[in-house]
Amino acid sequence: MTEQTLSADDSKSAPVPADAGDAGYDKALKPRHVNMIAIGGAIGTGLFLGAGGRLAQAGPALAIVYAVCGLFAFFVVRSLGELILYRPSSGAFVSYAREFMGEKGAFVAGWMHFLNWSTTGIADITAIALYAHFWSFFTPIPQWVLALIALAVVLALNMVSVKLFGEMEFWFAIIKVAALVTFMGIGIFLLVTQQPIDGNTPGFSLISDHGGIFPAGVLPMVLIVQGVVFAYASVELVGVAAGETENPRKIMPKAINSIMWRIGIFYVGSVVLLAMLMPWDSYSKNESPFVTVLSHIGVPQAGNVMNLVVLTAALSSLNSGLYSTGRILRSMSMAGSAPKFTGVMNKNHVPYGGILLTSAVCVVGVGLNAVVPSQAFEIVLNFAAIGILGTWAIIVLSHLLFVRKAKLGEVERPSYRLPFSPYTEIATLIFLVAVVVLMGFDEVGRITLYCLPVIGLALVAGWFGVRKRINMDVFEKTKL
């Protein structure tokens with residue numbers, strides 16, 4: 001048996017705990033939904049909007065940063081994948097942290113994930129408003145109004161059912177992939193036919209004649225790492241979807257393994273292509289780089305279409321964030337480490353309490369768009385990065401503890417495993433610590449780091465506030 005295949009009895013021979021927080025969900029997500037959720041998690045606003053500013057800052061070296069960060073993101077999701085095959089759960093990494101680190105670990109994992117996605121939601125509604133302002137029709141409408149409208153629409157749709165969520169993500173992902181494939185096809189055609197863009201002939205010369213791969217030096221490349229990590233913030237969502245999926249042990253390995261080549265093609269490939277179509281300093285943080293190219297090749301309508309696509313990507317990310325925090329908070333609520341109302345489901349089996357709580361934080365983001373519209377995206381991106389790093393670190397730590405228990409014979413590892421454990425986990429944790437350090441070299445990043453003690457104190461205070469009502473019987477030993 002290889003790592004890529006599973007026998008019918010894989011991971012079923014040993015008793016494993018069942019999380020009470022998984023009860024009540026519909027198993028309505030189909031393989032096509034999960035595959036597209038995995039794709040959508042690997043393609044988001046970090047590429048469509050963030051790549052423009054990163055290219056303008058570091059040049060073609062951005063492709064290297066995407067590749068390195070993408071590799072470690074894959075290690076994280078592969079760690080999560082092994083845990084999923086051991087025990088699928090809608091609580092995902094919170095449930096695994098609870099089993100291997102105790103309820104304190106689950107508490108930190110859940111609230112760091114909430115920090116990640118509540119601030120990411122702010123970034124998403126900010127991106128949606130920025131994209132809308134690309135069209136003159138929306139220009140008179142204040143940015144914060146557009147952000148509020150976007151939040152209201154996605155919130156309403158998220159409340160209906162998990163099947164509708166899956167369908168929305170399916171079509172959102174198809175639109176994103178189709179657009180990127182089409183753009184790359186156009187870009188390759190321009191390269192092959194040497195069609196000039198604004199007087200510049202596409203090709204590697206646009207890299208070599210404009211400072212090479214490191215036009216601004218190595219330091220800017222290193223400093224943008226924390227921003228690039230944001231681009232991969234959604235890869236762990238496939239773990240949350242596993243709890244509402246039919247036969248997750250069969251479909252998850254394929255969905256997770258495909259993430260690696262998608263990163264290589266869509267992120268690294270797109271950045272290299274962008275750098276060979278126009279000089280790196282032609283791009284801007286205020287516009288999607290894909291829109292920039294298409295608007296400069298004499299087809300204005302193409303720019304409008306791509307802008308619609310990147311707006312779709314932001315809507316997809318917001319949709320996924322509301323979905324995942326609803327499930328994670330319900331898992332925590334069942335254990336007593338989140339407000340009781342976040343564990344409530346509606347008649348369609350949607351945990352609406354947690355979704356509403358996340359939306360409430362996003363409303364704060366609407367205010368941010370009203371006060372500092374030009375800086376809203378960058379500010380919340382850095383806070384989201386802290387949440388991402390915390391979530392990823394707990395996933396890797398949970399996997400390390402899982403492997404340790406497996407060596408003691410207390411649990412059984414599935415055949416689908418993270419390669420080169422424990423060295424892969426250790427390298428990933430070192431990388432995550434390095435990203436935190438790098439944030440100190442960026443002005444906005446330093447502000448974020450200054451807030452770390454506040455985040456830490458909030459977690460400690462929160463734990464002392466809930467510890468007396470922690471339910472220690474969340475797990476029930478059973479045979480899955």
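This is a predicted model: local features need pLDDT of at least 70, side-chain atom pairs count only at pLDDT 80 or more; totals for chains, interfaces and linings use all residues.
Visitor: Where should I look to start? Which residues have the most contacts inside the largest nonpolar core?
Guide: Those are Tyr-66, Phe-183, Val-229, Tyr-232, Met-306 and Trp-392, in a core of 146 residues.

Visitor: Okay, and which helix gives the most to this core?
Guide: That's H4, with 16 residues.

Visitor: Let's zoom in on Trp-392. What does it touch, skipping residues up to four places away in sequence?
Guide: Trp-392 touches Ala-73, Val-76, Val-229, Tyr-232, Ala-233, Val-235, Glu-236 and Leu-432. Among them, Val-229 and Tyr-232 are also on the list of residues with the most contacts inside the core.

Visitor: Back to H4. At what angle do H4 and H5 pack?
Guide: The angle is about 75 degrees, and the axes are 11 Å apart. H4 covers residues 62–86 and H5 covers residues 92–101. With that angle, H4 is roughly perpendicular to H5.

Visitor: Which residues meet there?
Guide: From H4 you have Leu-80, Leu-83, Ile-84 and Tyr-86, and from H5 Phe-93, Tyr-96, Glu-99 and Phe-100. Sorted by type, the contact of H4 with H5 has seven nonpolar residues, no polar ones and one charged.

Visitor: Why would charged side chains pair up at all?
Guide: Side chains of opposite charge can pair when their charged atoms come close.

Visitor: How many salt bridges are there?
Guide: The count comes to six. One of them joins Arg-98 and Glu-103, whose closest N and O atoms are 2.7 Å apart. Both Arg-98 and Glu-103 are buried.

Visitor: And what about Arg-32, which side chain does it meet?
Guide: Glu-167, in a salt bridge of 2.4 Å from N to O. This pair links distant parts of the chain, with Arg-32 in helix H1 (residues 31–42) and Glu-167 in helix H8 (residues 162–193), 135 residues apart. Arg-32 counts as partly exposed, at 37% relative accessibility.

Visitor: New topic: helix H3. How many of its residues are buried?
Guide: Seven of the nine, so H3 (residues 50–58) is largely enclosed by the rest of the structure. The buried ones are Gly-50, Ala-51, Gly-52, Gly-53, Arg-54, Leu-55 and Ala-58.

Visitor: What follows H3?
Guide: Gly-59, and its phi is positive, near 75 degrees.

Visitor: Now Ile-251. Which helix is it in?
Guide: Helix H13, residues 248–277. Ile-251 counts as buried, at 10% relative accessibility.

Visitor: How far apart are Ile-251 and Val-34?
Guide: They are 217 residues apart in sequence and 7.8 Å apart in space, C-alpha to C-alpha. Leaving aside neighbours within four places in sequence, Ile-251 is in contact with Pro-31, Val-34, Thr-245 and Glu-246.

Visitor: Last one, Ser-359: buried or exposed?
Guide: Buried, with a relative accessible area of 4%. Ser-359 lies in helix H16, residues 352–371. Its contacts, leaving aside neighbours within four places in sequence, are Leu-151, Leu-155 and Leu-322.

Terms used
Residues are numbered from 1 along each chain as its sequence is written. Side-chain values use heavy atoms; hydrogens and water are left out. Helices (H or I, at least four residues) and strands (E, at least two) are DSSP runs, numbered from the N terminus. Buried means under 20% relative accessible area, exposed over 50%, partly exposed in between (1.4 Å probe, protein chains only). Contact means heavy atoms within 4.5 Å. Axes are lines fitted to C-alpha atoms, for helices over the stretch in contact, and angles run from 0 to 180 degrees between N-to-C directions. Angles under 35 degrees count as roughly parallel, over 145 as roughly antiparallel, 65 to 115 as roughly perpendicular and the rest as oblique. Ala, Val, Leu, Ile, Met, Phe, Trp, Tyr, Cys and Pro count as nonpolar, Asp, Glu, Lys and Arg as charged, and the others, Gly among them, as polar. A nonpolar core is a set of buried Ala, Val, Leu, Ile, Met, Phe, Trp, Tyr and Cys residues joined through side-chain atoms within 4.5 Å. A salt bridge is a side-chain nitrogen of Lys or Arg within 4 Å of a carboxyl oxygen of Asp or Glu.
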